[in-house]
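Visitor: I would like to learn how to read charged contacts in a protein model. Could you take me through them slowly?

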Amino acid sequence: MDKFVYLFHEGNGNMRELLGGKGANLAEMTKIGLPVPFGFTITTQACNAYYESGKSIPALVEKQTLDALAALEEKMGKKLGDPKKPLLVSVRSGSVFSMPGMMDTILNLGMNDETVVGMAKLTNNPRFSYDSYRRFIQMFSNVVLEIDTYFFEQFLEETREQKGYYADPEMTAEDWQEVIVGYKEIVKKHTRKDFPQDPKEQLFLAINAVFNSWNNQRAIVYRRLNKIPDHLGTAVNVQSMVFGNMGDDSGTGVAFTRNPSTGENVLYGEYLINAQGEDVVAGIRTPQPIATLQKEMPGVFQQFADTCHRLEQHYKEMQDIEFTVERGKLFILQTRNGKRTAQAAIRIAVEMEKEGIIDKKSALLRVDPDQLNQLLHRRIDDSAQKTILAKGLPASPGAATGQVVFDADEAEQLGNEGKKVILVSPETTPDDIHGMVASQAILTSRGGMTSHAAVVARGMGKACICGCEALKIDMKGKQFVVGDKVIRHGDIITVDGSTGEIMLGEIPMIDPELSEEFQQLLVWADEERKIGVRANADNPEDAQKSFEFGAGGIGLCRTEHMFMDLKRIPIVQKMILAENYSERMEALEQLLPMQQGDFEGIFEAMQGLPVTIRLLDPPLHEFLPDKEELLVEVTKLQILEPQSKELKQKELLLKKVRQLDEFNPMLGHRGCRLGMIYPEIYEMQAKAIFYASAVLAEKGMAVQPEIMIPLVGHVNELKQMRQLVVDAAVSVQEETGKQFDYTIGTMIEIPRAALTADEIADEADFFSFGTNDLTQTTFGYSRDDAEGKFLQAYIENKVLPDNPFAVLDQDGVGKLVETGVKLGRATKPSLKTGICGEHGGEKSSIDFCYRIGLDYVSCSPYRVPLARLAAAQATIRHESKNEQAVTTA
């Protein structure tokens, strides 16, 4: 018989796929003897069975749930729905992968008009009992009956105001009884039914709701953002309730075993006296720092600190822990690996290795390469003039500037239009996820360091400030007031998530500095990785930055970017407009020393490391004015100044633009095809490279130029272009008397080149796979058109798993790359291979490159640290798999 339900003591931490992350952790904590309230988990398989049964709970699942409930009742000595000894439970979702705030929770289930009276007598605390009941009605009505929580909050706020109260703890038992009557009326109005009183009906409706929440909009958005498969389903955890709202000797909180913002090895978190857990994470009340618990309840604090240490040692990872204190007794409700900033992830990984908790390889695997982007961008310049409006809690580090918006939908709309916005709200909810994704930063007036806004922002690497109570936010009026200043919709502000400061206007920012722990982690990464990391750099400044970030060379230097300089464009246009060879050579002779100077600067910056230089690739019309704009200018001059010299020049230019105009420039006269028709252009570039090499040889500096011929589709193209480069090298060596080494290769970016790589390898010393163009030519997509018109819809509708221009399409484009490597090395075993498209800085693509045996990846300078770490992780993962395979064999 299939087992769909497990009591906590029947499971363990290795059953994540069946019990979900939360259920597996509850089982593991029970197993190691921590004070976990008893309960059971309905598995992810039950969720899938629910959907297979047309969104109804199968009979077997129902029976096993009731059996588990009976076991829970026996263990607790209480019964669900018993007025004298009522059992109350929480019902929580728990997917395989952590999805904070994405799924729905119900507390105090089992309360009804009878059990609320029984609880009041049992606890001798009517106020607590009726408070718990009203919370249950509100939560259940929102999650299960789908009534917007706004109606309940509005009613509660009106009641408080009528009674002259400021906060919920001032409400009496009688006050809560009035609220309950009002809440029931809201339910009746919206559902035309009374609030359900049968606790077992409540339980199964709640289980239905959790299963349904697996496919609510925010869960789907979160899964898509984090690439979590849709088929996994969610487990349901049913757990006996413990209460943090039973008086001043009770409370609830969330804490991390280390600081999730900085990584410092100190307990970090918040708690609320006389409250339930949702009060902390929902941001309804601003909590107290965990350190103050030491003064309020020293015994409980010490027990909690010891538990935190024990959990961290057991899981060998920084933990995010939910706890409740009921009448002085500590209960652990949940633990999971804590989300953290990139800065904290690195520090925690390195310090845990030094503390002997994990080894170096584990430390390297602990840091997500994508997170490193948080550390490689700008921060606020301390010397800048700042008008500080207010200061809140520094919930997620980083700095951002943007227009103030008050609505998640608008944030998404403006963000998609390329505008920079900062989402401002009293607090965020999981429904705001789309707006948070599109925003530069998030700012809230309520909530703490573990509120929804803080946790989600940290995970995304976005700046976030929470609990800034000085902000008086008017959502309807689309403005907020701080003191005597009014900040309206669209106004520009700057936020610093590291300090909690909110500033008026745009503030200058500066480049980041890398911590000692970051440097240490990258040293370890370089010791482990078996694949090289280079950078794409087109000028000496980028080359210098690449060298500083630890690049092992330049994998792509795009020479056309050197032509784009405003001072050079007139000379380039002169070359293009040349009517004959001598006119063209005159322009090329002017360009040669400019290119030579660029190459000298790049070679010097790279200090002897290899530099792959791609000869001119784009079609010539890209260096000329836009045809439509030029036509307008010519037409104006024909009317206003028909005899002018400027008109003749413009007409000549328009004629040339029309001659060079192509229906499909991407597949037109570009790359090596330019060199074949205008060999003098490639000859000039080759000579500029070799003159630069000779100058550095004169200075006693080593250079390793690798000259790359772009867009080769046939071996004969490379054969001719290779001879041209060799002849240029011989010419410069004879002229200067200097010897230098160089290699000649090609960029594989046409499917035919990959499929005939065995022939092409005869003429190549190296292959560099240009996966940007190879993706375009393999899919038949024009990148700009595809991304602008249909690609996003393809991803949302799961036609494609990812944008193939961001994440390498391993099944199609990747197969061509793998084929090219195998065929090339069959001809020339020593053939050096790498990729230089944007995929060279994407972690899953780097993993693929390692698996198929590439020598290096190349990416933008700021992604070099990411690539170094991802390359190390690929090596560790696959060497570990190989070791396991050998052991098994």
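Guide: A salt bridge is a side-chain nitrogen of Lys or Arg within 4 Å of a carboxyl oxygen of Asp or Glu. This is a predicted model, in which local features need pLDDT of at least 70 and side-chain atom pairs count only at pLDDT 80 or more, while totals for chains, interfaces and linings use all residues. Residues are numbered from 1 along each chain as its sequence is written, and side-chain values use heavy atoms, with hydrogens and water left out.

Visitor: Which residue forms a salt bridge with Lys419?

Guide: The partner of Lys419 is Glu417, with the closest N and O atoms 3.4 Å apart.

Visitor: How many salt bridges does the structure hold?

Guide: There are 50 salt bridges, and one of them joins Asp320 to Arg336, where the closest N and O atoms are 3.3 Å apart. This pair links distant parts of the chain, since Asp320 belongs to strand β9 (residues 319–326) and Arg336 to strand β10 (residues 329–337), 16 residues apart; strands (E, at least two residues) are DSSP runs, as are helices (H or I, at least four), and both are numbered from the N terminus.

Visitor: Is Asp320 buried or exposed?

Guide: Buried means under 20% relative accessible area, exposed over 50%, and partly exposed in between (1.4 Å probe, protein chains only). Asp320 counts as buried because its relative accessibility is 7%, whereas Arg336, at 21%, counts as partly exposed.

Visitor: Which residues are linked in a network of salt bridges?

Guide: Such a network links Arg127, Asp131, Arg134, Arg135, Arg160 and Asp168.
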